[in-house]
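I opened this entry to look up how the two chains meet and what the record says about one of them. My notes follow in the order in which I checked things.

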Amino acid sequence: MGVDGIGARVARKEDRRFLTGKGRYTDDMSVPGMKYAAFVRSPHAHATIAGIDATAARAMPGVIDVLDGRQLLADGIGNLICGWMIHSKDGSPMKMGAWRPLADKTVRYVGDAVAIVVADSVAEARDAAEAVVVDYEPLPVVTDPVQALADGQPQLHPEAANNLIFDWELGDAAAVDRALAAAAHVTELKIFNNRLSPNPMEPRATLGIYDAGDDHYTCYTTSQNPHLARLVMSAFYNVAPENKLRVIAPDVGGGFGSKIYIYPEEIVCLWASKRTGVPVKWTSDRTEAFLTDAHGRDHVSTVKMAFDAGNGITALKVDTIANLGAYMSLFSSCVPTYLYATLLSGQYDIPAIHANVRTVYTNTVPVDAYRGAGRPEATYLLERTMETAARELGLSPAELRRTNFVRSFPHQTPVIMNYDAGDYEASLDAAMAAADWSGFAARKAEAEGRGMKRGIGMSCYIEACGLAPSAAVGSLGAGVGLWESAEVKVNMVGTIEVMTGSHSHGQGHETTFAQLVADRLGLPIDSINIVHGDTDKVQMGMGTYGSRSGAVGMSALAKALDKVEAKAKKIAAHLMEADESDIVIEDGALKVAGTDKSVPWFQMALAAYTAHNLPPGLEPGLKESAFYDPANFTFPAGCYICEVEVDPETGRTTVIQFVAADDFGNIINPMIVEGQVHGGIAQGIGQALLEEVRYDDSGQLLTASYLDYAMPRAEDLPSFTVSTSNTPCPNNPLGVKGCGEAGAIGSPPALINAITDAIGNNQLTMPATAEKVWAAAQTGN
Amino acid sequence: MAKITMTVNGRQVSGVCDDRTLLVHFIRENLGLTGTHVGCDTSQCGACVVHMDGQSVKSCSILAAQAAGSAITTIEGLAQNGELHPVQAAFKAHHGLQCGFCTPGMVMTAVDMIRRHGSALDEAMVRAELEGNICRCTGYHNIVKAILAAAHEMGGVRQAAE
């Protein structure tokens with residue numbers, strides 16, 4: 001390992017620009033002639049549109065134009081789509097209701113876009129948007145997914161009777177029922193997974209530029225996957241042909257899933273730029289973000305877990321209702337199905353599992369993937385159930401888990417996944433040691449002396465990262481392949497540019513991807529540049545989400561580097577009149593093993609391009625690309641332990657200690673991995689203690705600003721104790737697994753288990769606000 | 001419309017803007033200094049923190065006209081002669097940033113916090129002082145570490161100079 005290579009705590013190359021205010025986010029972009037957009041949004045959760053009158057708005061200062069859904073429809077711009085087809089258990093396809101980028105007949109949630117105003121300034125655009133008169137005829141509203149399924153409720157889409165999108169199942173229902181009937185003990189629980197807003201600090205923004213001279217479109221946008229945005233906008237929405245559309249996602253200020261999807265604003269601003277003849281920029285404000293960024297989670301579940309007399313789990317039965325909001329967002333259908341039910345075996349050897357999932361339309365903002373996407377929901381359900389079962393069975397939570405851990409690999413679960421490697425006991429032991437589990441009783445007694453209730457809770461999670469073999473996801477309904485691409489361009493003087501289809505929005509790819517190159521070639525990290533986020537510069541890509549950048553994106557880079565190295569060795573062998581099998585690459589040179597002969601890297605690169613002295617038939621140049629399609633998911637896993645104190649007088653919970661012990665396989669940059677875990681834990685603690693998107697019965701969003709939606713602040717969180725153990729992933733060339741989501745997956749159940757332990761009442765829903773905890777603490781179990 | 005003159009990062013600047021223009025928009029749109037960010041519309045997130053006459057302020061909660069005649073420092077004015085300010089350097093060394101969007105506001109808040117408390121800062125004080133800044137990426141763990149490290153270093157420098 002070189003100083004900059006794999007495993008080194010290299011400080012990030014990208015930090016300087018962020019620290020000096022030189023980051024370039026979409027809202028920072030300006031182009032000549034640029035104008036500003038504001039959207040007219042529905043104040044009703046459900047209504048028909050009887051008419052739109054923009055006369056007054058058009059006459060206001062600075063207004064260029066006001067455009068609505070009828071014009072969009074006339075120009076042939078298509079509906080937004082959901083890209084993952086799920087079939088109900090009766091074989092029928094999911095019921096996809098129409099989602100117009102600008103609603104033309106019906107609005108279905110507060111914030112649904114109705115029209116766009118383009119004006120000289122943001123303020124003038126917003127003023128004029130206020131002046132657009134929309135004649136709404138309000139309709140009845142339903143926001144609760146359980147209620148929405150009942151007869152006689154408001155119907156959102158004619159395609160979906162009783163608002164049911166699909167009724168899907170996975171696993172063997174009969175086997176589960178038999179095991180439940182024969183069980184020595186059954187633990188039953190009702191689980192709510194609260195609706196969240198991802199809240200990246202950078203609000204979504206988009207700048208649409210139509211160039212009439214070349215009939216060409218450019219879209220700057222806050223996206224986690226610009227290539228997918230280009231594909232979907234051209235192939236499905238008819239905004240622009242793929243060969244005339246460039247999508248650029250420059251610096252992006254956090255995504256957490258919410259910037260995976262294609263939103264109406266990207267489509268509409270591009271279209272509006274062509275319509276008005278000026279570049280059009282729109283930037284969300286925070287209230288718009290709460291109203292329109294895809295939300296996360298929102299499950300209601302019942303669970304039954306069967307045990308035999310030896311405390312072994314014999315079956316798991318799960319019934320989940322998932323609220324998908326008013327429309328089906330791009331990946332929404334796979335989140336509560338193949339990203340959720342397939343992880344319900346957790347770290348445990350469970351012979352029989354059956355999951356039934358119903359997804360439902362309601363008059364709320366669309367719900368889609370948020371950090372973890374299905375895995376946090378599965379882990380929360382499973383780990384709350386394990387903790388409850390341990391208490392019912394009179395066992396320590398660690399003992400029950402140990403009894404049921406998967407211990408031999410590969411392990412085929414009854415719900416599709418084939419775990420490739422892991423050591424769950426090692427993570428559990430590491431976490432318990434770091435948390436001083438055995439000393440808890442004394443700490444609890446000390447806290448009781450101060451009138452405080454102290455509790456400890458654990459959670460053992462597994463997730464599936466690195467989505468996934470294209471053929472496998474295709475067979476499950478995915479609309480795209482989930483490979484990744486990379487191109488390595490060795491410049492004439494030996495410096496290197498890597499073009500990757502992965503996208504960095506905080507993960508530090510400019511550093512970690514460069515570390516891989518530095519490691520392989522022995523070059524200084526400053527001689528390596530990572531290029532991403534621009535469909536005109538990078539050949540192809542599928543973007544960054546689901547912790548796939550290391551396992552899939554860097555594996556593609558490793559494959560491209562294989563080709564670069566092979567060609568470089570050919571050239572060097574020729575220059576030194578040696579056999580290419582004797583050439584080794586190290587310390588920035590190509591050497592003949594066992595001799596003192598060597599050619600510096602830069603000299604080999606120059607030779608590749610001067611082409612004066614290449615092996616006969618070898619193409620000049622040194623630029624190689626590769627696609628990588630993963631052989632399997634990767635399976636990071638770990639154990640999280642949380643210790644809390646609850647003030648019985650106020651119900652306020654203080655997180656005293658938070659320990660994470662993760663197995664991420666091989667690690668490229670431990671500093672960055674730790675940072676990812678910290679951030680994930682913070683979002684998990686946020687879900688468990690503070691955060692919840694709330695609507696009232698009329699569908700008005702009650703949590704539409706940071707005054708009402710409780711984001712975790714520095715004082716809400718402790719410092720974290722993190723560690724890693726590493727069983728390498730056998731299915732990719734780097735042995736990496738993925739670390740971006742673990743914290744958000746593992747932490748909510750650990751925290752809720754700790755609070756329920758402290759207050760002696762297992763009935764508690766997230767977020768565990770002081771009011772709820774106080775009330776629960778009064779009653780006991 | 002009003003013509004406004006102020007000193008920004010040591011240089012006198014002026015511009016014409018609406019009476020209702022907020023300082024943050026004046027800095028970003030009129031002056032082209034886009035390091036100062038807008039992350040919310042209720043003055044909760046702190047991505048827009050700058051220094052006004054030496055004190056940290058949320059530039060989304062002040063009209064540009066109110067700042068006329070004052071001395072403003074933005075994130076672009078912190079590094080001197082290409083050398084990162086010790087707080088910037090500490091954020092880099094301790095991985096106190098990920099997506100970088102809240103970072104300018106965090107750094108400006110931290111500089112003012114250290115100016116007021118120096119090496120007396122401890123973890124609890126730093127967390128309390130960050131009440132007005134939200135980070136969604138880092139869990140604050142490394143931000144707190146970075147600020148304490150910078151406070152220690154700057155406090156040491158100050159003592160040495162005295």
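I began with the contacts between the chains of this predicted model, and I found 55 residues of chain A in contact with 49 residues of chain B. I then looked up the buried area, which comes to about 4,200 Å² between chain A and chain B, with 54% of it on carbon and sulfur atoms.

Next I turned to the polar side of the interface, where I counted 31 residue pairs in polar contact across chain A and chain B, both partners at pLDDT 80 or more. I also found four salt bridges across this interface, one of which joins Arg20(B) to Asp127(A), with the closest N and O atoms 2.8 Å apart.

I then asked which elements of chain A give two or more residues to the side that touches chain B, and I wrote down α1 (15-19), α4 (122-131), α9 (286-292) and α18 (670-690). The largest share, eight residues, comes from α18(A). Sorting the residues of that side by type, I recorded 24 nonpolar, 16 polar and 15 charged.

Last, I checked the UniProt record, an unreviewed entry, which lists residues 20-140 of chain A as "domain: Aldehyde oxidase/xanthine dehydrogenase a/b hammerhead".

Methods: Residues are numbered from 1 along each chain as its sequence is written. Chains are lettered from A and ligands numbered from 1 in the order in which they are written. This is a predicted model: local features need pLDDT of at least 70, side-chain atom pairs count only at pLDDT 80 or more; totals for chains, interfaces and linings use all residues. Side-chain values use heavy atoms; hydrogens and water are left out. UniProt positions are given in the numbering used here, feature names are shortened, and annotations may be inferred rather than shown by experiment. Contact means heavy atoms within 4.5 Å. Buried area is the accessible area (1.4 Å probe) that two parts lose on being put together, summed over both. A salt bridge is a side-chain nitrogen of Lys or Arg within 4 Å of a carboxyl oxygen of Asp or Glu. A polar contact is a pair of N or O atoms within 3.5 Å; within protein, one must be able to donate a hydrogen and the other to accept it, and residues adjacent in sequence count only if both atoms are side-chain atoms. Helices (H or I, at least four residues) and strands (E, at least two) are DSSP runs, numbered from the N terminus. Ala, Val, Leu, Ile, Met, Phe, Trp, Tyr, Cys and Pro count as nonpolar, Asp, Glu, Lys and Arg as charged, and the others, Gly among them, as polar.
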